[in-house]
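Hi,

Here is the structure I said I'd pass along. Have a look, and then read on for what turned up.

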Amino acid sequence: MLSLFLLLNILTIGELYATPVQIPLQLEHNSQTSRNLRGRFLHITDMHPDPFYTPHASIKKACHRKQKQKGAGYYGTPYAECDSPFALTNFTLDYLEKNWASEIDFVIWTGDNARHDNDPKIPRTLEEILDLNNAVAMKMKSHFLDKGIPVIPSLAHNIMAAGPNAITNGLARIWEPFIPQEDIEIFKHRAHFSVEVVPHKVAVISLNTIYFYDSNEGKNHSLRRGIRVKVAIAVLGCSYSVPEDPGNLQLDWLETRLKHYKDRGIYVGFNFMRYKPREMLTRDMFTQVWLSGHVPPSPGNYFPECYVRYVDLALRYQGTILGHLYGHMNIDHFFFLERIDLQIITELKARRWEDEELYETLMNEFSALPSSLEDANLDDYAVVNVAPAVVPHPYIPAFRVYAYNVTAEEAPDKVRAERDRNHRHERGDYADKTTECSRAPWRDTWKCHLNETRESEPESPSRSNRRWTGLGYAQYYASNLAKTNGEEEPVYELEYMTFAREGVREEGLIPGRHLPREIGQYTPYGMRDLTIGSWVLLGQRLGLGRECGLRRAFRDYMYVRG
């Protein structure tokens with residue numbers, strides 16, 4: 001097979017399939033304690049290596065075949081519908097190993113690891129998908145995991161029915177070094193798992209978002225009484241009336257896992273009671289969680305019932321979840337999950353967030369936020385961060401390095417959010433749930449059956465800058481790829497940072513060797529941290545549109561203009 005032949009440029013076949021199984025992430029044995037944590041992690045997504053990519057080929061032919069019109073660069077073709085040549089994916093991973101492996105604690109890797117199926121003359125096969133995933137996985141293993149750096153991958157696929165199936169079984173074998181042994185069988189059924197990247201302190205949960213993705217409808221043709229009809233064969237969209245739907249089963253598992261991480265510290269707190277007053281007990285005793293996956297949770301991406309359940313868990317476990325990290329969109333942006341998403345609203349237009357329209361959608365959403373942070377009830381929000389892709393399809397290759405708080409000190413200026421505030425972020429008329437839930441179409445939906453109470457936790461790391469809180473990120477992009485048409489070796493340079501200018505160097509948030517001499521122009525957001533309050537404040541600033549250049553900078557970063 002041609003793809004397998006080309007994969008020899010990455011690793012030999014023996015290396016791909018003869019790798020010994022490891023028990024991953026034994027950080028206790030590596031003596032990786034909170035005192036020698038770097039306080040940084042890498043988020044990389046959507047590499048899309050293409051074994052058929054041909055330099056100087058026609059862009060109109062997916063960069064696979066040559067015609068009179070050329071244009072495919074050696075290291076990739078920005079702003080075109082072509083995937084990544086191995087030259088780009090290999091260079092990027094080798095660059096990250098050389099320049100960043102010694103500076104980070106773990107890697108969140110949110111797919112996609114195979115080419116798009118966009119060339120009818122070369123249909124993508126399951127064998128090729130697994131081959132490509134295997135090749136990238138072995139790179140990630142040798143570059144990071146073998147150095148004691150946990151790697152947490154996420155599944156990305158087009159159409160996938162309930163497991164076990166060829167995809168889940170194949171990836172379970174390929175990703176076995178990354179998945180804790182106790183989660184292997186769970187992965188074969190639903191392709192999700194969790195990893196404690198800092199034992200007993202910080203975990204990353206990898207979700208299989210394909211079971212939530214509304215493009216995973218899996219239509220198939222069959223004959224009924226001589227009439228050709230379409231029959232759904234994949235998933236049922238987390239329907240309340242079908243508890244065994246794979247999306248529902250995954251969200252059941254997620255709820256159980258989040259509860260486990262949240263409740264883990266209760267007994268530790270009890271043991272301390274005789275020595276410390278109750279008010280001295282801290283959330284550091286609990287395990288904090290980053291949620292990760294491929295397709296981000298939005299009304300335009302998820303089945304409505306899956307989206308409602310996800311939002312409910314995001315808000316109920318706001319004090320346990322540090323953040324939500326996703327890929328898929330190839331567009332750099334953030335957005336909010338809100339309490340209003342759980343309400344029954346009589347008139348609400350669903351909008352799909354795509355390309356240039358996404359910017360307008362986000363500005364409309366941000367402009368509807370409360371006018372000040374004091375007017376916002378922060379209990380009602382969660383923040384989703386979507387990273388840009390490595391594949392130059394259609395923009396510029398990029399990756400992110402996050403900084404997070406690994407000290408025991410708390411920030412003096414806490415984000416305040418009293419539970420008894422009545423301010424609400426409402427974009428429509430609420431219907432009477434008692435009335436609406438007694439009749440169709442709402443009676444058998446999750447909105448009418450989510451009655452768990454939520455606890456306000458303003459002192460948690462997602463709301464107050466303390467240990468494990470996300471502090472910010474620096475984004476790097478291949479600044480020369482568009483200018484050289486992909487003929488020169490990529491140069492990854494700083495694109496922007498979320499941090500305030502003061503303290504980036506002094507506090508070592510980003511190593512000095514990865515920063516330009518003057519950093520003022522790279523800090524347009526000036527965020528003090530990545531708490532929910534800080535994101536709401538940035539959303540308000542963007543929504544008001546009063547700061548010269550802020551919206552323009554945000555839009556340029558969205559589409560990695562190079």
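Predicted model: local features only at pLDDT ≥ 70, side-chain atom pairs only at ≥ 80, totals over all residues.

Staying with α12 for a moment: the helix covers residues 532-544. The buried set includes Trp535, Val536, Leu538 and Gln540.

Next comes its packing with α13 (residues 550-558): the two axes come within 8 Å and cross at roughly 110 degrees. Angles of 65 to 115 degrees count as roughly perpendicular, and α12 and α13 are therefore roughly perpendicular to each other. On the α12 side, Arg541, Leu542 and Gly543 make the contact, while α13 brings in Leu550, Arg551 and Phe554. Sorted by class, that contact has three nonpolar, one polar and two charged residues. Leu542 and Gly543 also turn up among the buried residues of α12.

The other helix I looked at is α9, residues 304-316. From first C-alpha to last, α9 reaches 18 Å, close to the 18 Å expected for 13 residues. α9 is mostly covered, with 12 of its 13 residues buried; among them are Glu305, Arg309, Asp312 and Arg316. What do the buried residues of α9 pack against? Their partners are α7 (246-263) and the strands β8 (288-292), β9 (321-326), β10 (333-338) and β11 (381-386).

Cheers

Note on methods. Residues numbered from 1 in each chain as written. Heavy atoms only, no water. Axes fitted to C-alpha atoms, helices over the stretch in contact; angles between N-to-C directions. Helix = DSSP H or I, 4+ residues; strand = E, 2+ residues; numbered from the N terminus. Parallel < 35°, antiparallel > 145°, perpendicular 65-115°, else oblique. Contact = heavy atoms within 4.5 Å. Nonpolar A, V, L, I, M, F, W, Y, C, P; charged D, E, K, R; others polar. Buried < 20%, exposed > 50% of the residue type's maximum accessible area, 1.4 Å probe, protein only. Expected span 1.5 Å × (residues − 1).
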